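Keep the viewer open as you read.

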Amino acid sequence: MVSIKSNLNLEPEMNHLSANPILQVENLTLGYRRSAWFGTSSRQQLIIRDISFAIQPNETVALVGQSGVGKTSIANSILRFLKPWHGNIYFLGQNIWQIPASRFRLIRPRLQPIFQDSATALNPMMTIDQAIMDGMKHLKLSHAEAQQRLNELLQMVELEPALCNHYPRQLSGGQRQRVVIARALATEPSLLILDEPLSALDLVTAVQIIDLLRSMRQRLNLSCLLITHDLMLAQQLADRIIVLKDGVVIDSGPTQQILTNPSHHFTRQLIHAAGILNRKT
Amino acid sequence: MSFPLLQVINLKVELIRPESSKSLLQEVNFELRSQELLAVIGESGGGKSLLIKALLKLLPPHFKVSGQIIYTDGNEQPVDLNHLSEKEINVYRRRKIGVLFQEPLSGLNPVLSCGTQLRDAVAFAREVSFAEAHEIALNLFATVGLLEPAAIYCTYPHQLSGGMAQRVALALALAGQPRLLLIDEPTSALDCIARREFMDLIQNLRQTQDLTVFMVTHDFANIAQIAAKILVLYAGLPVEYGDADRLWRQPHHPYTHLLFTTYQTLQKGETVAPSSPKLSDSASSSNGCSFAPRCPVVQDHCYPNFPSYQLLPDGTRLYCHFPLSP
Amino acid sequence: MRIQSPGLHLFLVILGLLSTCQQKQSVPQTAFIQPNQDTLITSGGVLLAALNAEPETLNPLSALSEPARQVIGLIFLRLANINSDLTTFTPSLATKWDTLPDARALRFHLRTDVRWQDGVPVTARDVQFTFRLQSNPAYGWDGLPFKTNITKVAAIDDSTVIFFFKHPSRTMLMDAVEGEILPEHVLREMTPDQLLAADFNQQPVGNGPFQLVEWKPQQTIILKRNPDYYDYPRPYLDRVIFKIIPDNANLTRQLLSGELDLAENLLPRDFERLSLRWREGKGNLRPVSFLGRQYDFIAWNLVEPSSYRSLDHRRTDNIIDKLRPHRLFGSRTVRAALTMALDRQRIGEIVNGELFRPMNGPIPLILWAYNPNANHIWEYNPARARQLLSAEGWQDNDYDGILEKGQIKFQFEMLTNSGNIRRQHALTLIQDQLKAIGVAMRPRLVEPQVLIEKFIVPREFDALLFGWNVGLKMELTSLFHSSTFFHPFHFTSYYSTTFDILEDRARAALDTRLAQQQWDKIAALLSEELPYTWLYYKVDCAAIHKRFRNVIIDQRGVFVNVAEWWIPAAERLPHDRLFLNQP
Amino acid sequence: MIKRLISRLIEFIVVLFIGVTIIFIIIHLAPGDPSLQFCSPTAPLEQRELLMHRFGLDQPLWKQYTIWLKNAVIQFDFGISFFSGKQVGKMVRQALSPTLLLTGLALLFGILAGVFLGIQAAIRQNKFFDRFVTTIMFAFYSMPSFWLGLILLQIFAVQLNWLPSSQLVSVFHEQFSCGARLWDYCRHLILPVSTLGLIFAASFYRYSRNAMLTALSSEYILAAQARGTPRNHLIYRYALGNSLLPLISLVGTSLPVLFSGALMIEVVFGLPGLGRLMTDAVLTRDYPVIVAAALLSFFAAIIGNLMADIIYLIVDPRLRHS
């Protein structure tokens, strides 16, 4: 078991929150507003309407829906990229759209996204160890500590230490995704946001990454928000599933319940399309 | 009446560098009967896309392609595509063989409307006037399941959704009424439902348009039902090639076995067995079996020796020292 | 002032009456005269001449630059033209002149057959009118100082005009004839504002041998012969075409390719190449060198800049008591030592090739008052220079190669204007030579306008490498006379009552011999006192196509007698025949 | 798209105003007393003050600014030159035509030659032709324009004496017949236009070669090739169209070069253009001329960019429809 000590000085109120949800999304409404010069008609487009959910510690929640349904917009909103029209997002008890940017910057490292395209997520001019070390910058570790932590992380994501001084283009897709995960873990996150983490990988590699993510979750007490169109992946990783269609939640509940007893016919359609063999039927 | 439309014999692709050359594909042998669907599966980087480009002679000059690609169309004389001149093969590209690449959107010219591109392609392939080509193009859009052909005609590629772009690209591939359609990972950019729809469309076209399909994919959910033959590529070598049903039920090669069992466990919603082999991405050894470092049943013999070729009685071709017994 | 002439114009005054200078030394001038050997003079031909900059105007009243003056000289007449001795005059618009009995008035008799090019006759009223404009500061004529001694100009009748002066002087004639005569009937109603933007500036109505045909900005100014010129059959040339060529390389190229007949101010290297070709009998271009109108010098600031800064410019009394001598150059011995440390002959050679003469005193080589024997000559002698400095207390006690006296190091900055390669070159040579006697000089190049405004006028400098353009009047007032202490040219802050007395006497002397004596004393005084260290007097050069006859080129310039130039019919070039039958 | 255009225009006006103000400030902060242009430094102070007053230079700076803004920017009246007393507008107009002729021809030549060679080299990538032309073009690209000009002059004007070395027309231009005049123009323009044109060509060459290579290696070209599209169609309709799009903005941003880029060339070849007008004006502190020329370059720059944007909006469907 690898131990990762926290050097991050969080305010006390954040630390005793363990009983409360890591992430709580309340009545979130998202949309794009295209403004034009001098009040000429501006166009509005609603994407997500009134969504609420919470992620408890050590829980993985999957947001499932077709592409274009606004799953990624929710992730952007949680990462404070896209301002919601209505609603609140609490991360570690902080209302992230209400607190000042300087305060958000303090908790931002505990919120790590992993996107589908590992090729563009890594700076092509940085070697692997530089990229991972970069993630630990805010921990203010000594050089030796950082080096040790780097080795721990590499071991954890099952990357050979020899790859350390390679550049991203020298790695395979699976290796790159492992580096991205290691970099995300380097910051000691509380919540991982996984946005289609496997869609660029082939099956065998994908299974390896699933395995990795699953063991990470157990070892590090991680909470995850999984964003995917693939129920099969959700089935593998998520404790609960939320199905989105046309901007609203049409189905949600524990994974098993959704898969075995979907309440909405669209959910059934998704299950069918994913080729999941229902054990009960 | 199924005759081999395409027969590939000992295809080999090498990357020629001034100092060295590297073999990217070797010993590729398969045949594709008329109206069949052949699925090629394997890891990314295994040479699947390369194979499609090699079939159409689309590789840049520093790739050396050897072997035979024999195309036989009904009563015509068989032709070896690999030994045609650029001008001669253009005729085949135009009228006999359509191709659909992996990223449908980047395969479309961004500054021309979808209709213009299809019209041009149709006019060139079928040698008809632009006015006629226009009509044909509208029909083609309808054929690939686009609901408003006239609207699509004027649309530019960037305005399309992933699924629509895929269909437009398919229409382009069908511009010359090809007998053979080569498809490269058609579903990787689509979500589950769109995948399903696209596969249905392909099935449909095969029947209505008399199409033979060669498809590179790793969408196991769908190929199981529609593919007649499966070719498993690993590190440039077709480790197993045979009847789809048989392969699906009882894979001989450890790699095929690994793929299918992994998929099946996933499908059942079971967690992947912790005993699943410890997979490593490290480079394959130089002369031995490239799968050896990851093989669950590897033996010492595998490392120094190139996998032995076996032709099983049911026509399955296999490259393995120790195939899993039936 | 124009950028193309980095030195400032200096108008030197000749005092005394018109007379020949007996004791004048043979001025080492290299003028050129292509003699008039052929008996049969033929009309026709074209002169292609180079101008190094675009004239700002062709109005004699507002022209400041050399190129403008050169073109104007061919279009407008003066009352009389100066001769090559720079003291006597040849009649031009005036046929003759005489001094009226009280010696304070000059009477000119004008030609009656001269017309403006629009047909109106030139009369005494034009002369009177011209003086009115010239003497009004609002019109901004830069020859104004010439006219300060004139009280009034009166036209007696159409052909007689009288100039009245405040007091008698040797330069009355020079003062009176300075400046071209303007047409009253064209300019009568013009206010200074209107004249500034008048068409006349671009389309002058002249009365000279040539008149303007076309002025293509930045390209050419084409003059044709004035068909009504009084001095028929002159001018002989059909056209004088000025090409505006600011770029020196371009100039040389056009000379060599036959696209130019006449160019001046060639680079020493180009001139030597041309001379070589000519001596070898190759090429059609005859090189000509002659004493020019410029000299370069080092000016030492004799007072501390800080003490000058605190001076009240309205009070001229006891100036010298309020100023502190310069920490380095306040001492005459130091200046003498620095002068002896410089091998000025060598500097001149390196910078100018053959195109220079050594200069040792304040009087320009081309002026009548120049007497080489009057100057004190400081020979190049670095050992002696070191001794002198050592005697003054300047010694290198810390062996860093630089002299010091107490806490003060012998180091200073020498300024010069940027854009003059020869001067920049000289500056480095001076730096090297001063270094050899333990003096640290730091060269600094400053943009000309900034140099004048920020350094010269407020006298915020230690030493200055600079040059003057020589005027034809013999005077040194604005440079050194205490009455002009705050004049922008008096930047050395030189103050000497002896000089004041001598210069006053020299200018007031009506007798040439007396004047010469005074100027000799002045030359001796200044070359002893060394407010300047004079470096070299420049020799100008020009090249002219050999087919032109009767050409005079000397210190007055290259266009002195263009009206009399002609080309033998046999030597005409194809383009010479282009205008033969045109008016 | 209209909205985009309008916002672009408003941006344009704001940039214009800011730029114009900056030009004014910079020029009036430069050292040097313009009154010295009119009279010798020995002239009495009153005379200089008189002149300063006449040109409004004794006014406070903000007042000079408002007056100037009104005259120059709104009425295009730049006043009269401090140096020659001529109408600045007229001087600029006169100087404009040779410059536009020279740079326009050179730009045209540069674009045509550069783009043509760029395409030819791209489709023959790494062949002898490509390497040869790329080397030559790289040489032109890295060469200072005046140096190239001097070399051409030395060869064609001095050594061979085939072409005249300076000016726009020969001095006897008026004496020639109509045809001879035209020939005279051409003879004078050949050297400067080819000097500038070669340098333009070099940058357009680099650009279009790279753009063409990128276009040729893109997926849709491969897809079109896989459909058996004929090679010429592939190159000229598919690849060329796309690779020339970015060229629009390159041409747009090089529009100010039309006015100022020929400066060295004008000096070397003694052409009476805007560049020379401007250098002379700077050296003589001729504020009105400097301001007019700077404004012109500035206008050209922003109008060039605006035009490029607008054309882009029109021809690129991706922008047109978003």
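Which domains does the domain assignment give for chain C? The assignment, which is automatic or taken from a database, gives domain 1 (11-75 + 208-284 + 546-577), domain 2 (80-187) and domain 3 (293-538). Between the C-alpha centres of domain 1 of chain C and domain 3 of chain C there are 35 Å.

A bit of housekeeping before going on: this is a predicted model, where local features need pLDDT of at least 70, side-chain atom pairs count only at pLDDT 80 or more, and totals for chains, interfaces and linings use all residues. Residues are numbered from 1 along each chain as its sequence is written, chains are lettered from A and ligands numbered from 1 in the order in which they are written, and side-chain values use heavy atoms, with hydrogens and water left out.

Now for where chain C meets chain D. Here 50 residues of chain C are in contact (heavy atoms within 4.5 Å) with 46 residues of chain D. The buried area, meaning the accessible area (1.4 Å probe) that two parts lose on being put together, summed over both, is about 4,200 Å², and carbon and sulfur atoms give 56% of that. On the chain C side, Leu196(C), Gln218(C) and Arg253(C) lose the most area to chain D, together 17% of what that side buries. How many salt bridges does the rule find across the interface of chain C and chain D? It finds one, where the rule asks for a side-chain nitrogen of Lys or Arg within 4 Å of a carboxyl oxygen of Asp or Glu. Glu54(C) and Lys86(D) form a salt bridge, with their closest N and O atoms 4.0 Å apart.

Arg253(C) turns up again in helix α6 (residues 248-256) of chain C, where Asn250(C), Leu251(C), Thr252(C), Arg253(C), Gln254(C) and Leu255(C) are buried. Buried here means under 20% relative accessible area, exposed means over 50%, and partly exposed is in between (1.4 Å probe, protein chains only). Helices (H or I, at least four residues) and strands (E, at least two) are DSSP runs, numbered from the N terminus. After α6(C) comes Gly258(C), with a positive phi near 80°.

The other interface to look at is between chain A and chain B. It takes 32 residues from chain A and 32 residues from chain B, and buries about 2,700 Å², 57% of it from carbon and sulfur atoms. In chain A, Asp202(A), Leu203(A) and Val204(A) lose the most area to chain B, together 21% of what that side buries. The salt-bridge count across this interface is zero.

Over all chains, though, the structure holds 44 salt bridges. One of them, in chain B, joins the side chains of Lys64(B) and Glu14(B) at 3.8 Å, N to O. Lys64(B) sits in strand β4 (residues 63-71) of chain B and Glu14(B) in strand β1 (residues 4-16) of chain B, 50 residues apart. Lys64(B) is partly exposed because its relative accessible area is 43%, while Glu14(B), at 13%, counts as buried.

Chain C has a pair of its own in Glu413(C) and Arg444(C), whose side chains meet at 3.3 Å, N to O.

In chain D, Arg209(D) forms a salt bridge with Asp130(D), with 2.8 Å between the closest N and O atoms. Arg209(D) lies in helix α7 (residues 178-216) of chain D and Asp130(D) in helix α5 (residues 128-142) of chain D, so the pair ties together parts that are 79 residues apart in sequence. Buried or exposed? Both Arg209(D) and Asp130(D) are buried.

Staying in chain D, find Ile302(D) in helix α13 (residues 287-315) of chain D. Ile302(D) counts as buried because its relative accessibility is 13%. Leaving out residues up to four places away in sequence, Ile302(D) touches Phe12(D), Val15(D) and Leu16(D). Ile302(D) is also 9.7 Å from Gly19(D), C-alpha to C-alpha, although 283 residues separate them in sequence.
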